[in-house]
Amino acid sequence: MRILVVGTGYVGLVVGACLAETGNAVVCADVDVPKIDDLQHNVLPIYEPGLEELVRRNQEQRRLRFSSDVASAAEEAEVIFLAVGTPPGEDGSADLRHVLAAAETVGRHLRNEAVIITKSTVPVGTAHKVAAVLGRHARVPFHVCSNPEFLKEGAAVEDFMRPDRVVLGAETDYARSVLAELYAPFVRTGKPILFMDIASAELTKYAANAMLATRISFMNELAMLCEQVGANVDSVRRGIGTDARIGPSFLFPGPGYGGSCFPKDVRALLCTAGLHGVPLGVVRAVHEANERQKHLLFDRLLDALDGDVRGARVAVWGLAFKPQTDDLRESPALALIGALLDAGASVTAHDPVAMAPARQLFGDHVTFAATSYDAADGADALAVVTDWNEYRHPDFVRLRDLLARPIVVDGRNLYQPAKMASLGFRYHSIGRPNGMTA
Ligand SMILES: NC(=O)c1ccc[n+]([C@@H]2O[C@H](COP(=O)([O-])OP(=O)(O)OC[C@H]3O[C@@H](n4cnc5c(N)ncnc54)[C@H](O)[C@@H]3O)[C@@H](O)[C@H]2O)c1
């Protein structure tokens, strides 16, 4: 099939590369000209395991092309994915400016009957808005569909190639048959394609993210209770996660959820609910719990440094919102670093892949270290924010000797409290006894 993917961010690039990999002729188009120039030379704007190889191979085989000319690309296409950003507006609702602008360009230049799919995460009702924009400009039949994307950054290629399910909101037979054919190679192991009405597909994406965020906020709150009652959240997590009705995923307490999706989508869902007069009290509580949790690491550091961080130097391990990505959007590390700098501390940070985008954000206000040990060297405390594998088993003796004060605030519960205490660390994690005897 001749496919156009509009927007070459984390989602568009993965979608385009994976659809090319299954033999389609794909154009990935974006208004960001330097980004397209780089992609034409196989220089990726993001870190995503396996993606560079996929892009290179499919460009070489001429199944994948990059263009900054969305209009010309629309003229050729039979299937068009809108995968542009939907950042939060001032009130937290999804800003649809990019989606509707892309729809207008596409509408003006359609030459073939086309299936037009919102891949971006968009509130219920957006497909109708997209159809209205297209309808004002298009001179050929088109079929608007919703196909929310569930890939996880850090495992995006794998997730797209082998999805748990494909959710398709489509309301014409033509659209259903095109989409079923397009997705057939990705569901050969029997994973379902779930056809549904468009509103349900649009809402499914928000429901999924809100549910996952709920599990995280729930465990974050329980971790606080564990600390007060002398329980260990690791044990409680295992105790509930082995219940088949609950399952083990997304039950790890931490410094608050971040990333480009959960915070934005939870707020956007609350806006949609508000517009329809439905009080989603659970979802609101999830958001509020996360806002509180974002202060936790700073507060722990403040306590550990005797109530004053002014003049202290704090090492931060991990900047990305989770491992295997360089995405900093709403990363808990940003909140922590911002609070430390505001309070007069200095920060030396390390991350295996996210230091370049962090440098653009913080400039000279943060020092970036070549290795995790360099970051810790001479620091008054270490905060572990992202659970990259390389932070899981450091040389503890070396780490202790490098730190000016052996204080570790662990936002991911990576280390054993008793072991850390026996090595002479003052160790603080989340929801667990700190291993130190009074
Ligand atoms: N990142 C994720 O993990 C993820 C997962 C599932 C769904 N989503 C959703 O997918 C959408 C895209 O997310 P992302 O993380 O890929 O965003 P992104 O910000 O990384 O990329 C968006 C791209 O769209 C381009 N763009 C904006 N307006 C355009 C236009 N009119 N024409 C052409 N290109 C245009 C931008 O230049 C940018 O390159 C969002 O709605 C997001 O919520 C993201």
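What share of the contacts in the chain with a separation of 6 or more comes from residues 24 or more positions apart? Such residues account for 72% of these contacts, a contact being heavy atoms within 4.5 Å.

**View 1. The whole chain of a predicted model.** Residues are numbered from 1 along the chain as its sequence is written, and side-chain values use heavy atoms, with hydrogens and water left out. Because this is a predicted model, local features need pLDDT of at least 70 and side-chain atom pairs count only at pLDDT 80 or more, whereas totals for chains, interfaces and linings use all residues. The chain holds 18 helices and 14 strands, taken as DSSP runs (H or I, at least four residues, for helices; E, at least two, for strands) numbered from the N terminus. Along its principal axes the C-alpha trace spans about 75 × 45 × 40 Å.

**View 2. Burial within the chain.** Buried residues, those under 20% relative accessible area (1.4 Å probe, protein chains only), make up 52% of the 438 residues.

**View 3. The largest cavity and its lining.** A cavity is a set of points on a 1 Å grid over the protein atoms alone where a 1.4 Å probe fits but cannot get out, and lining residues have an atom within 4 Å of a point. The largest cavity has a volume of about 30 Å³, the volume being the space filled by probe spheres set on the points. Its lining consists of Tyr257, Pro263, Arg267, His287, Asn290, Glu291, Lys294 and Glu330.

**View 4. Helices H11 and H12 beside the largest cavity.** Helix H11 (262–275) and helix H12 (281–293) each supply at least two lining residues, and the largest share, three residues, comes from H12.

How values were computed: On a 1 Å grid over the protein atoms alone, a cavity is a set of points where a 1.4 Å probe fits but cannot get out, and a pocket is an open set with protein on both sides within 12 Å along at least five of seven lines; lining residues have an atom within 4 Å of a point. Buried means under 20% relative accessible area, exposed over 50%, partly exposed in between (1.4 Å probe, protein chains only).
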